[in-house]
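Hello,

Here is the structure I promised to pass on to you. Have a look at it first, and then read my notes below.

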Amino acid sequence: MKAAATIFIAIIIATVLLVSGCSKNIETQTGDFNEPQVLNEDFDDQASANPDIGMLDDSPVSEDLPQ
Amino acid sequence: MMKNIFLMLVMMIALTGIAVADTNDTEINDTDAYTIQSQALNVRYDHLQCKVSFTIGQIELFEEYVPDAVNDNLSDSKETLETDMDNLKKYVDDVNKTAFDKYLEDTFRPDFQKATQMLNSIKEDFRQYNVSNETKTELIDELKDIREEYSECVSDKEFKMGTVMERHMENWNRQWGNAIERMKQKGMNTTEIEALIAQINTKNQELNSLIESKNLTNFMKYANEFRQDHLRYAAKIEAEKLKTYKGMLNSESKRYNLSDRNDNIDKHISEIEKYAQKDGKYQEKEFEHAWENVKEANKEMKDLSKDVLKERTRERMHNDSDYEEENEDDENNYEGRGSRR
């Protein structure tokens, strides 16, 4: 019984992983393999994350000593 | 025995699924950009803490040695600045740069400026408080000590910011390396993009040598200049990428009557290039406008490429079914001729 459950779970995992791994390429299969494909994944946000990480603040502090 | 072999086979299939799924994952590690942004916010926060601690430390010293000099406004400013820091910390923990920047600009800076001006005012008119020489000497020694601590605190944060900027550039270069590879595989010319990347990396090397040699005397000046340059180059490079992809889809988008989408993309590119070509000191929030256009343009390119592919497929299927009908007619004609013989 335990073995059967393990087998069943393993088959489900394998199927899910195989399908998710192939899904990104589904669109290429609808076109001509010999032509370069402009895939929409080329424009995903992750391909060009915002390059601005900000900078340290430049507000002046009161550094002088009493006169 | 048979049961064990069967179990092994199933596990092998499962592992194969993992391996195949892995190779299809994007090479870009989105976590890196997020982690770097988080690190940058943390260093920026800690740097502000150096300033706030130094300012509050000075107020407390004046409260101890020259209580008459500290009015309620200055005394209350300690709690105001601590509240500001608590609020900024929430945005740091949420890795929310936009909210952090807004709060910094709208609330923290004005509060900090007020406290600084009040302290400066006390120091400039110090004689009016008739403090004994002995008290003044003790106060000045204490002020020097906390000023020394402040200086060390700030140097430490500048060095840390420098290392975060190094990691940021490594990640940015890696992302662009991957993007260029994809473009080349599709037959696009990436010469212009690669030249721009090489130019900004030359400037990056100058900043890196300062950080690595721990020569931080002019760090803020160089770091600010580099950031300005990097953002302008980044905008130029994004615009080049969009123009290159648009060029590749140009003839098909005309053929499938999708040219109006090109016009929208052109408007975004124009806004991005306006920013990229600007001169002069970087003004905060300038880049945000350019980046909004980058995101919109990418979204529209994504939709355009999907629609071009759809139309291309539809056209091919239509052509294939015409071809099959022609063949069927030819076969019928041939059989007819055969039977007439």
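**What I found in chain B**

Of the 341 residues in chain B, 42% are buried (buried means under 20% relative accessible area, exposed over 50%, and partly exposed in between, with a 1.4 Å probe and protein chains only). Please keep in mind that this is a predicted model, where local features need pLDDT of at least 70, side-chain atom pairs count only at pLDDT 80 or more, and totals for chains, interfaces and linings use all residues. Residues are numbered from 1 along each chain as its sequence is written, chains are lettered from A and ligands numbered from 1 in the order in which they are written, and side-chain values use heavy atoms, with hydrogens and water left out.

Let's begin with the fold. Chain B has nine helices and zero strands; helices (H or I, at least four residues) and strands (E, at least two) are DSSP runs, numbered from the N terminus. Among contacts (heavy atoms within 4.5 Å) in chain B between residues at least 6 apart in sequence, 79% join residues at least 24 apart.

Next comes the disulfide, of which the structure holds one over all chains. In general, a disulfide is a covalent bond between the sulfur atoms of two cysteines; here the term is used for a pair of cysteine sulfur atoms within 2.5 Å. Cys50(B) and Cys153(B) form this link, with their sulfur atoms 2.0 Å apart. It joins distant parts of the chain, as Cys50(B) is in helix 2 (residues 30-65) and Cys153(B) in helix 5 (residues 133-185), 103 residues apart. Cys50(B) counts as buried because its relative accessibility is 3%, whereas Cys153(B), at 25%, is partly exposed.

There are also seven aromatic pairs over all chains. Rings of Phe, Tyr and Trp (its six-membered ring) pair if their centres lie within 6.5 Å; planes under 30 degrees apart count as stacked, over 60 as edge-to-face and the rest as tilted. Tyr275(B) and Phe287(B) are edge-to-face because their planes stand at 65°, with the ring centres 5.6 Å apart. Both Tyr275(B) and Phe287(B) are buried. The charged end of Arg232(B) sits over the ring of Tyr275(B), 4.9 Å from its centre (this needs NZ of Lys or CZ of Arg within 6 Å of the ring centre and within 35 degrees of the ring normal). Elsewhere, Phe62(B), Phe126(B) and Tyr129(B) form one aromatic cluster.

Finally, find Ile265(B) in helix 8 of chain B. Is Ile265(B) buried or exposed? Ile265(B) is buried, because its relative accessible area is 0%. Leaving aside neighbours within four places in sequence, Ile265(B) is in contact with Lys246(B), Glu300(B), Met301(B) and Leu304(B).

Best wishes, and enjoy exploring!
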